Amino acid sequence: AEEVLRQELEALQVARDEVDAERRALAAEREWVAKTCNPDGQVLLNVGGTRFQTTVATLTRYPQSMLAAMFRGQFPVGAADDGCVFLDRDGEVFGILLNWLRYSKLSVPEGFSKWQLLIDDADFFQLPLDVQVPGRRSSAADPPTRPVAPAADRDARTGSTTPRSSQGD
């Protein structure tokens, strides 16, 4: 009976150590989320080797997007030792998407050729970006485009557009 109690005590100690390790990991993640997911907070990103600095407010501009889920703590993201959040995507394309989030205007460099990748990444991040590829005619086989009003004109819950007020613009 004494040997059984000793084994049970050892098993309980192992379980306790596992719970303690989990508790420490959750506390570290909670601290990171509180620091990183502050809407006024800055975020350092490493996207495919290209570094970006932006705000949580910019990344969460579209509440239904994957980026919003990531930076509101609804989807796990981890930061490297240097504090950067790594995203395994194309850095040039992400930079275009980030500027679109900032300015509500799609601007691409002269000679840009990664149109399909831009469309794919907008879809991956669940961003309502309507991309019109220059020189490409749409056909009946093409999926319908999604015209999008700037975020300031969109209802965050429904996505419907509302008239822009002239106050404060």
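**Close-up views of a predicted model**

**View 1. Helices α4 and α5 are oblique to each other.** Oblique is the class left over once angles under 35 degrees (roughly parallel), over 145 (roughly antiparallel) and 65 to 115 (roughly perpendicular) are set aside. In this predicted model, the two helices pack at about 60 degrees, and their axes lie 10 Å apart. Axes are lines fitted to C-alpha atoms over the stretch in contact, with angles from 0 to 180 degrees between N-to-C directions. The α4–α5 crossing is right-handed, meaning that the near helix is turned clockwise from the far one by less than a right angle. V93, I96 and L97 of α4 meet L117, L118, D121 and A122 of α5. Contact here means heavy atoms within 4.5 Å.

Residues are numbered from 1 along each chain as its sequence is written. Local features need pLDDT of at least 70 and side-chain atom pairs pLDDT 80 or more, while totals for chains, interfaces and linings use all residues; side-chain values use heavy atoms, without hydrogens and water.

**View 2. The largest nonpolar core holds 30 residues.** Such a core is a set of buried Ala, Val, Leu, Ile, Met, Phe, Trp, Tyr and Cys residues joined through side-chain atoms within 4.5 Å. L45, L67, F71 and F94 touch the most other members. At least two residues come from each of β1, α2 (56–59), α3 (66–71), β3 (85–87), α4 (91–103) and α5 (115–124). Helix α4 gives the most, with 7 residues.

**View 3. N46 sits in strand β1, residues 42–47.** N46 counts as buried because its relative accessibility is 18%; the cut-off is under 20% relative accessible area, with over 50% exposed and the range between partly exposed (1.4 Å probe, protein chains only). A polar atom of the N46 side chain lies 2.9 Å from the backbone nitrogen of G49. Leaving out residues up to four places away in sequence, N46 touches R51, C84, V85, F86 and L87.

**View 4. T54 belongs to strand β2, residues 50–55.** T54 is buried, at 6% relative accessible area. Beyond four places in sequence, T54 touches G41, Q42, V43, L45, L59, L98 and R102.

**View 5. The chain has 5 helices and 3 strands.** Both are DSSP runs numbered from the N terminus: helices are H or I with at least four residues, strands E with at least two. The order from the N terminus is α-β-β-α-α-β-α-α. Of 169 residues, 29% count as buried. Among contacts with a separation of 6 or more, 51% join residues 24 or more positions apart.

Methods: A polar contact is a pair of N or O atoms within 3.5 Å; within protein, one must be able to donate a hydrogen and the other to accept it, and residues adjacent in sequence count only if both atoms are side-chain atoms.
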